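Please look at the sequence and the three-dimensional picture below before reading on. The report then walks through some parts of the chain, one region at a time.

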Amino acid sequence: MSLSRRQLLAAPVALAATSLLPGPLLAAVAAQTPPLPDLSDWDAVRAQFALDPAYRHFASFFIASHPVPVREALEGYRRAVDANPFLFVERAMFEDDAHNLPLQVCAEVADYLGGRGQDVCLTRSTTEGLALVYHGLPLQRGDEVLTTVHDHYSHHESIRLATLRSGASVRKIALFKASHDASTDEIVGTLKAAIRPQTKVVGVTWVHSSTGIRLPVREISAMLRGLPQPPLLVVDGVHGLGAADETIATMGADYFCAGTHKWMFGPRGTGIVWADAANWARLRPLIPNFSELESYTAWTQDRLPAGASNAARMSPGGFHAFEHQWALAAAFRMHRQMGRARVATRIAALNEQLKAGLATLPKVTVHTPRSAALSAGLVSFEVEGVTPQEVVKQLLARRVIASTSPYAVPHARLAPSLVNTAAEVDEALAAVRAIAA
Ligand SMILES: Cc1ncc(COP(=O)(O)O)c(C=O)c1O
């Protein structure tokens, strides 16, 4: 990052414009971060969401409803950009570091992840982050990416498209026989046994949206790092970030990709990738960035960018829905104020209540492990004799919003989150009981 980042893409015009920048515009940047409301009880947190009260919302992980702090930040930035598109965006994107909004967002994100702002890459989704990482890895013919049968379409397709170009191969394994009674030993042991000398990358999902199992990423990483030639570990972390109490920067992922528009309640169309400097340095950028001055300077001088790759160089450039990207900071501030451990404890308690209730229903099979250590905020289940689609339809008829998992073998899913209460979990249970009767 450089003081003279404003030179990036707009140099002479920007120099003139900055001197004309009206005072109120400068103040507007600060005004977009109103003080957070009191979030010390869960009713106050629920009150931040404009969710339709006619429904019980158990699919909030799908795409976030913006809470008040995010809505206010979005609206503030939108107003500022609409009033002064050039002046506001030019300053926020290309001015000195103190006024650079993406840098401020990265700092907020890093604070939550326990890492450094310069190691955070802002993306628009989990999908975009996974694609950037797999396409960025210097894979070659003869290399193998080992992944699992449990991962999401976005993850498998990112690997398939990247290996199609590089000529590397892909192998998918099952990590456990049955998700609901899988153990850390079974998962780590199965993965270890599947690694071959040509396995250069391992791709897994932290919290599975198929069965709700949460993989022991720390243990997986420790096992991989103990191998003579450790493969790199890519983690799709979207359903853990904002739901589990974990310090992402030390959990052992080499590349951590997540959308921030699900459990983090960030603006729709936002996500992040985190990696440390050494792992960023391995990657080849795919999309021109608008963040690193060296990339631009090298282009003006018709030479290759000097130095190693980094998060800024990997960040997809082009002009974006900037107000969404910038308002992401408000979501991370909200989570910091609620407290990571407190959030995770609340989500675990509501999920345990749901799992305990479902376990008493004779025709219901729960696929999510009962253990809080191996699960997070998703409960996946089936009702004997009723298709998952029909379960979801019948729940909706009872005003309970559930979802089916988008996998070859779908299940019904209920995801108790911060927008729910214990009473709502009981209502959802009563609805499943009626369907299973
Ligand atoms: C495990 C998993 N990975 C990736 C995605 C795609 O997320 P995004 O919309 O942020 O790309 C999903 C969607 O819910 C998912 O469940």
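What follows is a description of strands, a ligand site and some single residues.

This is a predicted model, in which local features need pLDDT of at least 70 and side-chain atom pairs count only at pLDDT 80 or more, while totals for chains, interfaces and linings use all residues. Residues are numbered from 1 along each chain as its sequence is written, and side-chain values use heavy atoms, with hydrogens and water left out.

Helices (H or I, at least four residues) and strands (E, at least two) are DSSP runs, numbered from the N terminus. A residue is called buried under 20% relative accessible area, exposed over 50%, and partly exposed in between, using a 1.4 Å probe and protein chains only. The accessible areas themselves come from the Shrake-Rupley method with a 1.4 Å probe, and for residues only the protein chains shown count as cover.

Strands of a sheet pair through backbone hydrogen bonds, either parallel or antiparallel. Two strands are said to pair if DSSP finds at least two bridges between them. Strand 6 (residues 232–236) runs parallel to strand 7 and is joined to it by 3 bridges, and the bridge partner of Val-235 in strand 7 is Phe-256. With strand 8 (residues 271–274), strand 7 pairs in the antiparallel sense over 4 bridges, and here Cys-257 has Val-273 as its bridge partner.

The loop between strand 7 and strand 8 contains Phe-265, which counts as buried at 5% relative accessibility. The phi of Phe-265 is near 65°, a positive value in a residue other than glycine. Most residues other than glycine have a negative phi. Asp-302 also has a positive phi, of about 55°, although it is not a glycine; this residue is found in the loop between helix 12 (293–300) and helix 13 (311–314).

Elsewhere in the chain, 4 strands form an open sheet in the order 9-10-13-12, with antiparallel pairing. Strand 9 (364–366) and strand 12 (403–404) are the edge strands, each pairing on one side only. Between strand 9 and strand 10 (residues 379–383) there are 3 bridges, and Val-364 stands opposite Val-383 in strand 10. Helix 15 (residues 340–359) lies across strand 9, strand 10 and strand 13 (412–414), running at about 20° to strand 10; axes are lines fitted to C-alpha atoms, for helices over the stretch in contact (heavy atoms within 4.5 Å), and angles run from 0 to 180 degrees between N-to-C directions.

## The ligand and its surroundings

Which residues are the closest to the ligand? Of the 13 residues that surround the ligand, the closest are Thr-126, Thr-127, Ser-209, Asp-236 and His-239, where a residue is near a molecule if one of its heavy atoms lies within 4 Å of it. An oxygen atom of the ligand lies 2.6 Å from an N or O atom in the side chain of Thr-126, 2.5 Å from a polar side-chain atom of Thr-127, and 2.8 Å from a polar side-chain atom of His-261. Taken alone the ligand exposes 400 Å², and the protein buries 87% of that.

Thr-127 also has a polar contact of 2.9 Å with the side chain of Ser-154; a polar contact is a pair of N or O atoms within 3.5 Å, and within protein one must be able to donate a hydrogen and the other to accept it, while residues adjacent in sequence count only if both atoms are side-chain atoms. Ser-154 has its place in helix 8 (residues 153–166).

## Single residues and their accessibility

The table gives the relative accessible area of some single residues.

| Residue | Relative accessible area | State |
|---|---|---|
| Ser-210 | 8% | buried |
| Ser-154 | 9% | buried |
| Glu-144 | 3% | buried |
| Asp-302 | 72% | exposed |

Ser-210 is found in the loop between strand 5 (199–205) and helix 10 (217–225). The C-alpha atoms of Ser-210 and Ser-405 are separated by 5.4 Å, although these residues are 195 residues apart along the chain.
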